[in-house]
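Thanks for coming, everyone. Let me put the structure up, and then we'll walk through it piece by piece.

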Amino acid sequence: MVELKSGEEKLEDQLRVIGDLNGKNILNLLSERGLGTCNQDNEYGPHTLLKLAYLNYYLGVFLRIASSRKKLGQFDKIIFIDAFGGSGLVKIEDTKYAVLGSTLLAATDGRFDEVVSIDLNPRHTELLKKRCISLGIRNVRAIDGDANQIIPNLPVQLGLTRNSIVLLFIDPEGMEPEFSNFIPLSQSTEHIDFMLNYTWGVNRLSGRIAKSLKDADLSKMKKMIPNYEVGSNPDQKLLEFFENYFGKPVGHLTEVHSVGLKLKYSMVLRVRQTLGGSSWVNAMKEFGEYLSTTDGEKALTALRIVKGDQDTFF
């Protein structure tokens, strides 16, 4: 009988990949070639380790299923779209550590036919391109610009068909995705999974609308939440929109906490097609529930342990 891993052990497994401890030696290679971490890389608190762990755990699930079904001829291509991609590496605030960002986690797995990374900062895009070239990665399409304007055109640019399968990752970190622009992508294929860092707040805008209805505010709200109506709960309307365009939820929102269990944001995972009793669904729910009970401080301790810089949690 296979012994099931605890949430803590699963987290450590993901941190070995995120922290580049699985034999690929990416961080060292980039450093040796003058493309290691620099001031152009984004820097976030240790809670970002939990977000990346959740994403990477699902990448394993998604790619195992998608690649096996592609071999059977059920899918023609497997695509990862990173709507706010960054430079490929992420520095962990107030530490010596850097880890692989979402785009490089997807690209270095090798099973995606194409990885699309979009970033508003052209310096991030250029640095990502250089890193990918240095590592011999050929499946990354790095685009600088506003994801809200770029994503509507991706179905044509990528040649998506009804049999393409897409994983869309939206991690805006303070920017505001306009989900009305994401509808063409959601309609381009029957197979699209969707993961969102649910950080951005619409409640401030909703409050302004409640106090004094202005056409500009209402127009902006409808771009973010196309089914929004004055007086409605914007969070509820957004979840309804996800249900209609991006599929069923997998478990509850996964909360990501900084030090002291202070809530930073939640992760939303939606899938189009799945079986409610699938073992991977239960495993994903369990891992999400575990992550919701821990925080960035414990994640950083776990990273120190897997890197050999600390012996135990105590």
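Start at helix α13. Its buried residues are Gly296, Ala299, Leu300, Thr301, Ala302, Leu303, Ile305 and Val306. A word of caution before we go on: this is a predicted model. Back to the helix, which spans residues 296–306. Eight of its 11 residues are buried, so α13 is largely enclosed by the rest of the structure. What covers those buried residues? The cover includes α1, residues 7–18, and α3, residues 48–71. It also includes β3, β4 and β10.

Asp295 caps the N-terminal end of α13. A side-chain oxygen of Asp295 lies 3.2 Å from the backbone nitrogen of Glu297. After the helix comes Gly308, and its phi is positive, near 80°.

Asp295 also leads us to Ser258. Where is Ser258? It lies in strand β10, residues 254–258. Buried or exposed? Its relative accessible area is 13%, so Ser258 is buried. Setting aside residues up to four places away in sequence, Ser258 touches His47, Lys264, Asp295 and Gly296. Gly296, remember, is among the buried residues of α13.

Next, strand β7. This one covers residues 164–170, and seven of its seven residues are buried. Take the two faces in turn. Ser164, Val166, Leu168 and Ile170 point one way. Ile165, Leu167 and Phe169 point the other way. Both sets are buried.

Which strands pair with β7? One is β2, residues 77–82. Six bridges join β2 to β7, and the two run parallel. Within that pairing, Ile81 of the chain stands opposite Leu168 in β7. Another partner is β8, residues 191–198. Here too the sense is parallel, over six bridges. Phe169 stands opposite Met195 in β8.

Phe169 comes up again at Ser102. Ser102 is found in helix α4, residues 102–107. With 7% relative accessibility, Ser102 counts as buried. What does it touch? Leaving aside neighbours within four places in sequence, Ser102 is in contact with Leu52, Leu55, Phe80, Asp82, Gly85 and Phe169. Look at Asp82 in particular. A polar contact of 2.5 Å joins the side chains of Ser102 and Asp82. Ser102 and Leu55 are 47 residues apart along the chain, yet their C-alpha atoms are separated by 7.7 Å.

On to a glycine. Gly88 sits in the loop between β2 and β3, where β3 is residues 89–92. At 2% relative accessibility, Gly88 counts as buried. Its contacts, not counting residues up to four places away in sequence, are Val99, Leu100, Gly101, Leu104, Leu128 and Arg131. Pick out Leu128. Gly88 and Leu128 are 40 residues apart in sequence, but 5.5 Å apart in space, C-alpha to C-alpha.

Those were single pairs. What about contacts across the protein? Take contacts with a separation of 6 or more: residues 24 or more positions apart account for 76% of them.

A quick stop at the cysteines. How many disulfides are there? The count comes to zero. Cys38 is in no disulfide, and the nearest cysteine sulfur, that of Cys132, is 14 Å away. Cys132 is in no disulfide either. Cys38 is partly exposed, with a relative accessible area of 25%. Cys132 counts as buried, at 5% relative accessibility.

Now step back to the whole protein. The secondary structure comes to 13 helices and 11 strands. Of the 314 residues, 53% count as buried. The C-alpha atoms fill a box of roughly 55 × 50 × 45 Å, taken along the principal axes. How does the radius of gyration fit a compact globule? With 314 residues, such a globule would have a value near 20 Å, and the protein has 19 Å, which agrees.

Last, confidence. The mean pLDDT of the protein is 88, and 90% of its residues reach 70 or more. Which elements have the lowest and highest mean pLDDT? The lowest is helix α9, residues 203–211, at 65. The highest is strand β4, residues 98–100, at 98.

Definitions and conventions:
Residues are numbered from 1 along each chain as its sequence is written. Side-chain values use heavy atoms; hydrogens and water are left out. Buried means under 20% relative accessible area, exposed over 50%, partly exposed in between (1.4 Å probe, protein chains only). Helices (H or I, at least four residues) and strands (E, at least two) are DSSP runs, numbered from the N terminus. Two strands pair if DSSP finds at least two bridges between them. Contact means heavy atoms within 4.5 Å. A polar contact is a pair of N or O atoms within 3.5 Å; within protein, one must be able to donate a hydrogen and the other to accept it, and residues adjacent in sequence count only if both atoms are side-chain atoms. pLDDT is the predictor's confidence in each residue, from 0 to 100. A disulfide is a pair of cysteine sulfur atoms within 2.5 Å. The radius of gyration is taken over C-alpha atoms; the globule rule is 2.2 Å times the number of residues to the power 0.38.
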